[in-house]
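Open the model in a viewer and keep the selection panel at hand. The stops below can be taken in order.

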Amino acid sequence: MYLADSRTTPDPSDTAGRRPLPGRRAALVPGTVLALGSVSLITDVSSEMVTAVLPLYLVTGLGLSPLGFGLLDGVYNGVSALVRLVGGRLSDHGGGSHKSVAAVGYGLSALCKPLLLLVHSVPWIGAVLAADRTGKGLRTAPRDAMISLACEPATRGRAFGVHRAMDTAGALLGPLAAFVVLRAAADGYDAVFTVSGCVAALGVLVLLLFVPGRQAGTLPARGPDRAPLRAALLLPAVRRLTGCATLLGLTTVSDSFLYLTLQRRLDLPETWFPLLPVGTATAFLLLAVPLGAVADRTGRRRLFLCGHLALLAAYGLLIAPLGISPVLPLVVLTLHGSFYAATDGVLAAVTADAVPEAIRGTGLAVVQTGQTAARFVCSIAFGTAWTVWGDRPALGTAAAGLAVSAAVCALLLRPSPAHTPPEPAR
Amino acid sequence: MNRMPRLLALLAAVLVLGGVAVGATLHAADRAAEKDHARPGDPRVRPGSVVLGAPGRSVFRNMAWGPHRDEISAVPANDPAGPRTSSGIRCLRFHTAGGTGICLQAVHGRLRDSYRAVVLDARLRELRHYDLAGVPTRARVSPSGRSVAWTVFVSGDSYAGTSFSTRTSVLDTRAWSLDRNLEDYRFLLDDRPHRAADLNVWGVTFADDTHFYATAATGGRTYLVRGDRTERTLRTLHTNVECPSLSPDGTRIAYKKRVEGASPDAPWRLYVLDLRTLRESATTERRNVDDQAVWRDGHTLVYSLPGDYGSDLWTVPADGSGAPSLLMTAALAPAFTG
């Protein structure tokens, strides 16, 4: 998809960040989006290389027991949410320093890779991973702001779809790259980290070279008089979106629990377990662009809600007393992947529709933080429900909650006649 | 901005970064290749046949550099530093008792590596193998050789990002019935049924073919549990016990205890628990021990510590007397039979 797009774009870097010229079709994906997609693809190759070998490295490379690792996750998640808000807020400073803040975020994560060569104990490795995650938190909102600012409002869904597809492609390629290195050099974890660091540095460089910075004419010279955070929260549309993202996030069971349920329900062989995320990612990769385009055509809010119905259907299949069929995991994972394809980039596009350019980064950060925090709360609550009631009743409750949340959001997200979102005319 | 300088800069960066990446990989490959050659002063290893349960032999994973690295090897029990006989069977983790061997090994695939558990007979011939869901960490055989257990680390199994969990399986090698996941057993915390999504079980040590001890963890605490294959239950007996190892007479458990005041990176010390009195006693080993110890006899513990070759084996008296001493270099996962 990326190749097809870039082939139809005669000179991606030349159109970077500008509105398409009158003669060009609005459907083209702007160069800036492709550049940001490339940055994400490269960065994801880098980070997934590390993620893929980390358990092996800890157990066989360092002889450490990785069980203590999850303990600080709650703290990291809290910090990550806070950092995301800071990243969004900072990137709106002075009328758009999105690129600088994103560069700091990508740079911080890139620096963490060589650091892994130096630290050999669980607390320090935990600290490096936390710094890595801080970088990710910082860059997400400014990056999405840049994507939204680089394309025509009418094609935003598609642009975010292209970006998410490229991002996912990187996530799928990373483990393969790590495997190639380890195949060439047995126990070469240091080589994996070095290669990962080089790849990450390349990502930062592509960002610096090919993503345009502040653009004269597209943004006001300075930000709003009010603090961006308050300004964003005062917008009714942002409040409604944050409310919906939070509400739906509270009933979105985390991937791992979904896979665990799938494995238990269908009695899948243990060796399939690492392949389940690949199934979701493949569906996400294949559907992100088409569903983004559908969102542009039929309404982004509607597709965002439909995506949650796909998730609801996946829950339903896991709860229903269906027989064990090899088709079932395929259907569940496809539904799960289409849930991401219909909601992840689309939510960013919907948010961009509702937030003025001057506080775009902050607005995106607010909505995404609400969603992330809610999903973490859901994980803890779901873990407790699983403990007390067992997996099927827990998932049933989540499904009921999701149905109610989706209904409430369908009401909240109705396009109000007073403020018609910039949906395409088609 | 002109496009040409940017493309040139990118090209230059790709060349430099690519050079560093390739260089690092080649360097690591060289280092790996070096381990295929024995160095002067290394333990002597020669190929030969290894028989499990032969009297007066200890069997272990040979870690010495050379063509027999990672192979199951044997030495005379009274001459642990003597020449090693290497079997040609490569294992990451190994244990044997009663003429049965369990070998957890890596299988190098085309797109990714996987792991499997191989059940071996006394002549190290494969009886059956089972695919594993993650990186192997512990393996044990019951004293009679009938039951076998193993633990692997599984990642991405939990809801909180970077956390890892364990998966422990128990196999009956007569009936070939496999309990894939001990977390499916009924877990009794202080005699009350307790269901927990965060339950982890690892480090089985067998009392007989159907009863065993293991570590169970939930809510941030670890417990010594007594397991029963027939009842399919795990009952907690004691807290803060990891990787238990039952003494040959069945009265004591050697284990690693998380001690207060130790660095979070090296929190474990080797302890012994008396099962009748539940009294804990420290061994004289003061270093961090991250291993499931084995009993060489009724009063001596053998355990692994990091060394030049990755792992050396040390011994210490189980009753808290004496001092630790080096048993053999470049060895891991020993078993003492006959």
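A crossing of two helices is called left-handed if the near helix is turned anticlockwise from the far one by less than a right angle, and right-handed if clockwise. This is a predicted model, in which local features need pLDDT of at least 70 and side-chain atom pairs count only at pLDDT 80 or more, while totals for chains, interfaces and linings use all residues. Residues are numbered from 1 along each chain as its sequence is written, chains are lettered from A and ligands numbered from 1 in the order in which they are written, and side-chain values use heavy atoms, with hydrogens and water left out.

**Stop 1: a helix pair in chain A**

Select helix 13 (residues 327-354) and helix 14 (residues 360-389) of chain A, whose axes come within 8 Å and cross at roughly 145 degrees. The crossing of helix 13 of chain A and helix 14 of chain A is right-handed. Show side chains next: helix 13 of chain A contributes Phe339(A), Tyr340(A), Leu347(A), Ala348(A), Thr351(A) and Ala352(A) to the contact, and helix 14 of chain A contributes Arg360(A), Gly363(A), Leu364(A), Val367(A), Gln368(A), Gln371(A) and Arg375(A). Contact means heavy atoms within 4.5 Å. Axes are lines fitted to C-alpha atoms, for helices over the stretch in contact, with angles from 0 to 180 degrees between N-to-C directions. Helices (H or I, at least four residues) and strands (E, at least two) are DSSP runs, numbered from the N terminus.

**Stop 2: Phe193(A)**

Stay in chain A and select Phe193(A), which is found in helix 7 (residues 189-210). Phe193(A) is buried, at a relative accessible area of 1%; buried means under 20%, exposed over 50%, and partly exposed in between (1.4 Å probe, protein chains only). Beyond its neighbours within four places in sequence, Phe193(A) is in contact with Val50(A), Val53(A), Tyr57(A), Lys113(A), Leu116(A) and Leu117(A). One aromatic cluster is formed by Tyr57(A), Tyr189(A) and Phe193(A). For a distance label, take Phe193(A) and Ser46(A): 8.7 Å apart, C-alpha to C-alpha, and 147 residues apart in sequence.

**Stop 3: a sheet in chain B**

Move to chain B and colour the five strands of an open sheet with the order 1-4-3-2-27 and mixed pairing. Strand 1 (45-47) and strand 27 (331-337) of chain B stand at the edges with a single partner strand each, so one side of each has no neighbour in the sheet. Two strands pair if DSSP finds at least two bridges between them. Strand 3 (residues 71-76) and strand 4 (residues 84-90) of chain B pair in the antiparallel sense over three bridges, and Ser73(B) stands opposite Ser86(B).

Then select Asp70(B), in the loop between strand 2 (57-62) and strand 3 of chain B. Phi of Asp70(B) is near 75 degrees, a positive value in a residue other than glycine.

**Stop 4: aromatic pairs in chain B**

Rings of Phe, Tyr and Trp (its six-membered ring) pair if their centres lie within 6.5 Å; planes under 30 degrees apart count as stacked, over 60 as edge-to-face and the rest as tilted. Select Tyr130(B) and Trp150(B), a tilted pair at 5.9 Å centre to centre with 35 degrees between the planes. Tyr130(B) lies in strand 8 (residues 126-132) and Trp150(B) in strand 10 (residues 147-155) of chain B, so the pair ties together parts that are 20 residues apart in sequence.
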